[in-house]
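Visitor: I would like to go through this model with you. Could we begin with the charged pairs?

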Amino acid sequence: MAVIPTRKDQKRLPGFEKATYRRRNVVERCIGWLKDRRRLATRFEKLAENFLAMVKLAMLERLLKALLPDTA
């Protein structure tokens, strides 16, 4: 079932869950942020394990920037 909310002028579907939509939004924002990384967006790494390593490095970079904003 879709997790996208209906417009205000339409009747709300009974299966819509606000918490599920929030989790989906977090995932979509993370994927959008990863696509800003050129190496990941262009799929420069062709092997799956190398691509996964680059995703992990990008996430580590984001975590470090969040924890240590002064050292950027």
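Guide: A salt bridge here is a side-chain nitrogen of Lys or Arg within 4 Å of a carboxyl oxygen of Asp or Glu. By this rule the count comes to four salt bridges. This is a predicted model, in which local features need pLDDT of at least 70 and side-chain atom pairs count only at pLDDT 80 or more, while totals for chains, interfaces and linings use all residues. Residues are numbered from 1 along each chain as its sequence is written, and side-chain values use heavy atoms, with hydrogens and water left out.

Visitor: Which residue forms a salt bridge with R24?

Guide: The partner of R24 is E28, and the closest N and O atoms are 2.9 Å apart. R24 and E28 are four residues apart in helix α1, so about one helical turn separates them.

Visitor: How are the helices assigned?

Guide: Helices (H or I, at least four residues) and strands (E, at least two) are DSSP runs, numbered from the N terminus. The protein chain has three helices and zero strands, and the order from the N terminus is α-α-α.

Visitor: Back to that pair: what is the relative accessibility of R24?

Guide: R24 has 27% relative accessibility and counts as partly exposed. E28 is also partly exposed, with a relative accessible area of 42%. Buried means under 20% relative accessible area, exposed means over 50%, and partly exposed lies in between (1.4 Å probe, protein chains only).

Visitor: Which side chains does E61 meet in salt bridges?

Guide: One is R37, at 3.6 Å from N to O. That pair links distant parts of the chain, with E61 in helix α3 and R37 in the loop between α1 and α2 (38-41), 24 residues apart. E61 also meets K65, at 3.5 Å from N to O. E61 and K65 lie four residues apart in helix α3, so they are separated by about one helical turn. Salt bridges that share partners join R37, E61 and K65 into one network.

Visitor: How accessible is K65?

Guide: K65 is partly exposed at 48% relative accessibility. For E61 the relative accessible area is 32%, which is partly exposed, and R37 is partly exposed at 23%.

Visitor: Changing topic, at what angle do α1 and α3 pack?

Guide: Helix α1 (residues 18-35) and helix α3 (residues 48-67) pack at about 105 degrees, with their axes 11 Å apart. That makes α1 roughly perpendicular to α3. Angles of 65 to 115 degrees count as roughly perpendicular, under 35 as roughly parallel, over 145 as roughly antiparallel and the rest as oblique. The axes are lines fitted to C-alpha atoms, for helices over the stretch in contact, and angles run from 0 to 180 degrees between N-to-C directions.

Visitor: Which residues meet there?

Guide: C30, W33 and L34 in α1 meet V55, A58, M59 and R62 in α3, where contact means heavy atoms within 4.5 Å. By class, this contact has six nonpolar, no polar and one charged residues. Ala, Val, Leu, Ile, Met, Phe, Trp, Tyr, Cys and Pro count as nonpolar, Asp, Glu, Lys and Arg as charged, and the others, Gly among them, as polar.

Visitor: What share of the 72 residues is buried?

Guide: Buried residues make up 10% of the 72.

Visitor: Last item: what is the phi of R43?

Guide: R43 is not a glycine, yet its phi is positive, at about 55 degrees. Most residues other than glycine have a negative phi. R43 is found in the loop between α2 and α3 and is partly exposed at 35% relative accessibility.
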